[in-house]
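Hi there,

Here is the structure I promised to pass on to you.

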Amino acid sequence: MSDKARVATVWLGGCSGCHMSFLDMDEFLFDFAERADLVYSPIADVKDFPEDVDVTLVEGAIANEDNLELARIVRANTTTVVSFGDCAVSGNVTAMRNPLGDPENVLVPVYVDAVDRNPVVPSEEGIVPPLMPQVLPVHRVIDVDVYLPGCPPDADKIKRAVTALLDAEPLVERGTDIQFG
Amino acid sequence: MAAPIDLHEVAEREHEARSRYPWRIKACASTACLSAGATGTVQSLEQTIETNDLALDAVVIPTGCMGLCSRGPLVRVMRRGGDETMYQAVNEEVAVDIVKKHIKKHEFVETNLLDTSIPFFAAQERIVLANGGVIDPDRIEGYVAHGGYLALQKVLTEMTPEAVVQEVTASGIRGRGGAGYPAGSKWSLLAKAPGEQKYVVANGDEGDPGAYMDRTVMEDDPHRLIEGIAIAAYATGASKAFIYVRAEYPRAVERLDRAIRVARRNRLLGRKILETDFNLDVEVRIGAGAFVCGEETALLASIEGLRGVPQLRPPYPTEKGLWGSPTMINNVETLANIPAIVTKGADWFASIGTPKSTGTKVFALAGDLVNIGLIEVPMGTTLRTIVEDIGGGIPDGKAFKAAQTGGPSGGCIPAEFLDTPVDYDSLRQLGSIMGSGGLIVMDDDVSMPEVAKFFMDFSMDESCGKCTPCRAGTVQIHGLLERITAGQGSWTDLRHLEQLCATVRDTSLCGLGQSAPNPVLSTIQYFGDEYESLLVESGLEVVDA
Amino acid sequence: MRERRATVDVSFDGVEYEAYADESVMDASRRLGIGIPSLCYLEGLSVWGGCRMCVVQIAEDHRLRPACATPVAPDMEIHTDTPQLRAHRKAITELLFAEGNHVCAVCVVNGNCELQDVAVDTGMDHVRFDYQSPQREIDASHPKYIFDPNRCIVCTRCVRVCHEIEGAHVWDVAYRGSEAVLVTGMNQPWGTVDSCTWCGKCVAVCPTGALAYQGRAVGEMQHQTDIVIRLAMARNKGEWIDPAELEEMR
């Protein structure tokens, strides 16, 4: 059994920019790979979220029912859950539909009013997840241990946070590392 | 210029007129009884008297509030030199019976008799409400006949302003608006403030849900308030006074306007009052429906015609108030106590109540009680006396659960503290406040988190929006309470609720925000188990639609 | 010769300082380099005291006071940085973020925003409270400026600078509580308000992205509070400013 940390990343209602920023850590990724196994991630071919994960970076807001379900699975199987990026922390751009109210108010103009052919709101039970009435930050549906805002958080910020987590150091005096936007 | 009123002559004439009729029927025509149909009662009484040829035997006098509003319309039948009888629920038919039986045949209308020896009446001590159910509010003669304006005459002719301030200070009276600031200190601040132009303002922006103490004074005994204002102005050197009345009290505005006109005509206001060098103008200003305008700095802004939002203190209004001039704001009930303090003396007043809370307090009893209405009791009367004796206990065999004092700024007091004396300091120790006198009693069917939500809804709606904690914090507190009462709240929500209440309490600009969390904090303190029983194990599992 | 200003001894967080007897705790703290977060306060304008970010504790007094509206007093013991104050300031910041739509990622002032800075200063890494997601109408009717009330924190700097410095009184607060909103003219589109002189002082002093120049993209907007402070202070002192100095500040 490896003594490496078991790290996962998940991609909920977001643009994947936070994952891009994660990859921007460049050569630190080698150091990271030395110390951790990436046991689940959109950039790894793993179907089911595994058990006994040490750290999970959660990108994106809770925008649909699949997001909600996965967030709960993450919580049940992870020691330290990190809200990764502004969408996870605050809803951010993903939540910009919230002032418009019911999701229908967004779906109908886009999929019905604005199209000529086959104007229908996409729905397929079990395949297309229904939207949440309001987009929620991750901590509204599961307990979150660490917050890493930024849109996206730049690679250095992520590096500092991930290093601290792998070293089991508390995140203090973070200054602009917690700046939104 | 008209000649000033001769108070003694008027009083004498009034007493004479009174004894002309063998029977006087006093019918409560205050707002609560009017809404129960008192207009019809009065008409029916008058008609029946006329058609039964009793016009020389009986006269009907519409009066102010008699107190036991839940039994209205109330009527008192008084026989010359004899006893008086009180009737409850006097509708038009009962009114006919009263004339035909009681007046004509000297028989009681048994079905509607109201026993005046019950504690509701016996346990009260009426100073502010002394004329309630006694005089016709529209006739200055009635007020004068009961000693009205003698106190003003006394201060103008026998006392220096300093002596008046001294008397008020010695009486120990504290502000009846809720905070309990010693009135004498305030008066002395204004008296000492430099400036040619000074103002006195009577705060009649009574906004607590269910409270109608000040309304009753303004509607039913307007001259008492005017006399109190005039004494305050004389003592402090003010030459202009405002009565700020909320727009929801049109009858009070009408009555006060008329009373001011009559007082001026009788040289009790205006120039050379009672032939002295004292001048005073009083003007009614009407609010526009904002609760926050009961806060003194917001009230002043509103009088100046500005947006009614609280201003920063210091400077305090007694330094810089209306249009930059020294201004003193007193609650209507405070001012209504003044004539009696002057007439009967500070020692007499201080002997009533407790050493630190002197005098009486008017309460609007509401909620789950047998007797609902307006009462005046000595400060320090226990909650138990008010609830069980005066209020007649909880109806339908249910148990007492909590008493809410101080409206949206107050707290809920549980049964274990029923023996607490009702005074400023004891209530504050329990996490509530005296407030302006709203007292709502709840039986054991009531959910306390729901009560907290009700009051937070009120505060949220009435926040002026100037400061962040009150504007945005009350919204969040309300949201958390909604989640908890809907059975979707978590322990985290409860923790956030308490933290947020602390922030709103500690950082809000004015009293509205600072005290808005009181109903929540006091119900968590005394009824925490009710909150806890509503929580879900992990509220994060629940996402409301 | 000008009279010397009287001074008093005060302490900030246990350190002794000399403050002018006629200044506020806020002004003293600024002059002495003590950071007290604030949003509605702006040097040279009247004191509003609404944001409550600058609350401080005086000695053991449990009633907190806004530094901006509290005059210093002899031997005043001022605490600016207790755990309780930090918790309150963070909560107030969260309340501000939750009541509007402050999406930094798409905001014109991203990176140049006083509200964003306050969030960093107070350590706000997330908002505990529910976002209210208001949908207030954006006013883009002015040819030069744009007003997004969803980004407004009702600090009323615009109201005060327009009334007190420019003398136009275009801005005011309408409605109350959480409905409170800044309005132009008699609550009409800004572009139709004749009393607006297009001076841009309101835009210059806005602490958030609520007031901006038209056509600015994310992060492109830079407020110029320093110019307005200079103008206001000079005006209060009755002092003339060399136009070249202003030009340089621009």
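Below is what I found, going from whole chains down to single residues.

One thing to keep in mind throughout: this is a predicted model.

**Chain B as a whole**

Chain B holds 22 helices and 14 strands. Its radius of gyration is 24 Å, close to the 24 Å that the globule rule gives for 545 residues, so chain B is as compact as a globular protein of that length. Along the principal axes, its C-alpha trace spans about 80 × 60 × 40 Å. Of those 545 residues, 62% count as buried. If you take the contacts in chain B with a separation of 6 or more, 73% of them are between residues 24 or more positions apart. The accessible surface is about 20,100 Å², and carbon and sulfur atoms contribute 49% of that.

**Chain C as a whole**

Chain C has seven helices and nine strands. A compact globule of 250 residues would have a radius of gyration near 18 Å, and the 19 Å of chain C agrees with this. The box around its C-alpha atoms is roughly 50 × 50 × 30 Å along the principal axes. Here 54% of the 250 residues are buried. For residues at least 6 apart in sequence, 59% of the contacts in chain C join partners at least 24 apart. Chain C has an accessible surface of about 11,400 Å², with 49% belonging to carbon and sulfur atoms.

**A helix pair in chain B**

Helix H3 (residues 38–51) and helix H4 (residues 92–105) of chain B pack with their axes 8 Å apart, at an angle of about 35°. The crossing of H3(B) and H4(B) is right-handed. On the H3(B) side the contact is made by B:Gly40, B:Thr41, B:Ser44, B:Leu45, B:Thr48 and B:Ile49, and these meet B:Glu92, B:Ala95, B:Val96, B:Val99 and B:Lys100 of H4(B). Sorted by class, the contact has five nonpolar, four polar and two charged residues.

**Two buried residues in chain B**

B:Met218 sits in helix H10 (residues 213–220) of chain B. With a relative accessible area of 0%, B:Met218 is buried. Beyond its neighbours within four places in sequence, its contacts include B:Leu225, B:Ile243, B:Val245, B:Tyr249 and B:Val332. B:Met218 and B:Glu333 are 115 residues apart in sequence, while their C-alpha atoms are 9.3 Å apart in space.

B:Thr354 belongs to the loop between helix H15 (346–350) and strand S10 (360–367) of chain B. Its relative accessibility is 18%, so B:Thr354 counts as buried, the cut-off being under 20%. Leaving aside neighbours within four places, B:Thr354 touches B:Met379, B:Gly380 and B:Asp423.

- B:Gly72 and B:Pro73 are joined by a cis peptide bond, with omega about -5°. B:Pro73 is in the loop between strand S2 (58–63) and strand S3 (75–79) of chain B.
- A cis peptide bond also links B:Arg313 and B:Pro314, with omega about -5°. The loop holding B:Pro314 runs between helix H13 (296–303) and strand S9 (327–331) of chain B.
- A:Asn92 is not a glycine, but its phi is positive, near 50°. This residue lies in the loop between helix H4 (86–90) and helix H5 (104–113) of chain A, and A:Asn92 counts as buried at 5% relative accessibility.
- C:His169 also has a positive phi, about 50°, without being a glycine. C:His169 is partly exposed, with a relative accessible area of 36%.

Key:
Residues are numbered from 1 along each chain as its sequence is written. Chains are lettered from A and ligands numbered from 1 in the order in which they are written. This is a predicted model: local features need pLDDT of at least 70, side-chain atom pairs count only at pLDDT 80 or more; totals for chains, interfaces and linings use all residues. Side-chain values use heavy atoms; hydrogens and water are left out. Axes are lines fitted to C-alpha atoms, for helices over the stretch in contact, and angles run from 0 to 180 degrees between N-to-C directions. Helices (H or I, at least four residues) and strands (E, at least two) are DSSP runs, numbered from the N terminus. A crossing is left-handed if the near helix is turned anticlockwise from the far one by less than a right angle, and right-handed if clockwise. Contact means heavy atoms within 4.5 Å. Ala, Val, Leu, Ile, Met, Phe, Trp, Tyr, Cys and Pro count as nonpolar, Asp, Glu, Lys and Arg as charged, and the others, Gly among them, as polar. The radius of gyration is taken over C-alpha atoms; the globule rule is 2.2 Å times the number of residues to the power 0.38. Buried means under 20% relative accessible area, exposed over 50%, partly exposed in between (1.4 Å probe, protein chains only). Accessible areas come from the Shrake-Rupley method with a 1.4 Å probe; for residues, only the protein chains shown count as cover.
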